[in-house]
Amino acid sequence: MRAHRHRRRSIPALAALAAAAVAAPLLLAATPATAAPARDGKLARELVEEVTARGAYRHLAKFQQIADANGGNRAAGSPGHAASAAYVHDTLKKAGYQVSYQDFDIFEAHTKTEKTTVLGPDTRELATAAFTFTKSTPAGGLVAPLALARVDETPGCDAADYPAGAFTGKIALVKRGSCTFVEKQKAAAAAGAIGVIVYNHSGTTPVRGGFSSPAEGIIPSAGITLADGEALTAAAAKGEVSVRLDLDQEHLKKTTRNVIAETRGGRADRVVTVGSHLDSVPEGPGINDNGSGSAGLLEVALKLADEGANKKGKGTANKVRFAWWSAEELGLLGSEHYVAQLSERQKKDIALYLNFDMIASPNPVQFVYDGDDSDKTGEGAGPAGSAQIEALINGFLDKKKKPHEGSDFDGRSDYGPFIANGIPAGGTFTGAEGIKTPEQAKRYGGTAGAPYDPNYHGAGDTLKNLDLKAFDTNLDVIAHAVGTYAQDLSSIGK
């Protein structure tokens, strides 16, 4: 999640396959249905029975092995991601799917310097994280007074948060929250700020923000901690505070790829699309984020194939398309690229999109995307049909007597480009850097006051730090949803 398996091959062979493969066309050709719609739920029940955490764990182990052999990560554009993509591609091809790679360009950021120094009698340096794809400061840093963006429900998100004339030639200090880092930066730059520092809204670490590409980095931008941000805010309210912001970052162009696999049969104008991102952050192997969702999709796809999804006369009523996105951690780039390549007709052919990102967090809460906006928080309801997807997942969890709660469509994962194009969406996740409440600890177990995933975006996101019971529950959710929608879309009005 971004910040706001069968026959095995050797790692060298996987990398070689990925390097040699050429981009294949999107699998969108019309295919006649090979089976009549079945509304008895048999396929869903069989998939739930057959898909297990034990079966999916072998894929997690493979992702860990790949990361260990490739510098400890599976980041987009890296050998670790290429090997992961080749493993998924080859496993699904053997299972009979129509499989293709979709290549696209990305940029990689290498930070050389990231410093914020508070100037004055008590000069001190603050823990700082340069935003991904930030513009660098001049050599020696950018020295300027701070100007405080208004803190409200949407801090630093629009022009009203930057009083006219107050930010010209200054560095804007903005609180994290509500809108994207791009929007905060643009608003600050439009007000005349020459740099922006965003302080966190929780926790003890600096904000690790970023942009989708170097072109979005229009002024030097970095993050600091909540405590440091509040201290600077208090000091600046009493008088001028000047800082030196020193950022030096190099941007390198690379190529990465999505993996797209779909059933050979099923109606091509009623496509059930299911996705997860395959890339990790550079800091770790990404086994929960998002090896868990990737492994879950892979195992469900394999069991669906075992049920005859790719055999003549036994296929699903609707085409099922599985996607493993790259560069989610850089700003949903893989899913955005995929949706951008679709024609309007192809978009309409997608009946719904299911997203699974982080489904085995070690201190989990069972979140279900709030398709109907019943929680009345954040971004509102999803496109028509999203409420019904949420209801399907909630109903399944209720039947299993598994507690659950809503999660806003906040744009942090790959459902974003789909709902932006009017495609109903849903899915689950088990929590990232958010803090578990006492009420949640009582409902789900685990530790109150601790993050859902203490290893989020870190080196500790390994096989050793997963909750396999949560993983198993979410595998059942994926199996049930895929099995249901593969045969019957009537619950979403199609």
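Visitor: What span does helix 13 have, and how does that span compare with the expected one?

Guide: In this predicted model, helix 13 takes in residues 468-487, and its 20 residues reach 29 Å from the first C-alpha to the last, which is close to the 28 Å expected at 1.5 Å a residue.

Visitor: What makes helix 13 mostly covered?

Guide: Of its 20 residues, 17 are buried, a word that applies under 20% relative accessible area.

Visitor: How do you know that Asp467 caps helix 13, and at which end?

Guide: A side-chain oxygen of Asp467 lies 3.0 Å from the backbone nitrogen of Lys469, and because a polar contact requires N or O atoms within 3.5 Å, the pair qualifies, with Asp467 capping the N-terminal end of the helix.

Visitor: Why is Ser84 called buried?

Guide: Ser84, which is placed in helix 4, residues 79-94, has 0% relative accessibility and therefore counts as buried, the cut-off being under 20%. Leaving aside neighbours within four places in sequence, Ser84 is in contact with Phe63, Ile66, Arg74 and Leu278.

Visitor: Why does His81 count as buried?

Guide: His81 is also found in helix 4, and its relative accessibility is 1%, so His81 counts as buried by the cut-off of under 20%. Not counting residues up to four places away in sequence, His81 touches several residues, including Arg74, Thr256, Leu278 and Ser326.

Visitor: What makes up the lining of the largest cavity, by class?

Guide: The lining has 2 nonpolar, 5 polar and 3 charged residues; among the lining residues are Val281, Pro285, Asp289, Glu329 and His457, and the cavity has a volume of about 40 Å³.

Technical notes: Residues numbered from 1 in each chain as written. Predicted model: local features only at pLDDT ≥ 70, side-chain atom pairs only at ≥ 80, totals over all residues. Heavy atoms only, no water. Helix = DSSP H or I, 4+ residues; strand = E, 2+ residues; numbered from the N terminus. Expected span 1.5 Å × (residues − 1). Buried < 20%, exposed > 50% of the residue type's maximum accessible area, 1.4 Å probe, protein only. Polar contact = N/O pair within 3.5 Å; in protein donor to acceptor, adjacent residues only side chain to side chain. Contact = heavy atoms within 4.5 Å. 1 Å grid on protein atoms, 1.4 Å probe; cavity = no way out; pocket = protein on both sides within 12 Å on 5 of 7 lines; lining within 4 Å. Points joined across faces, edges and corners; volume = space filled by probe spheres on them. Nonpolar A, V, L, I, M, F, W, Y, C, P; charged D, E, K, R; others polar.
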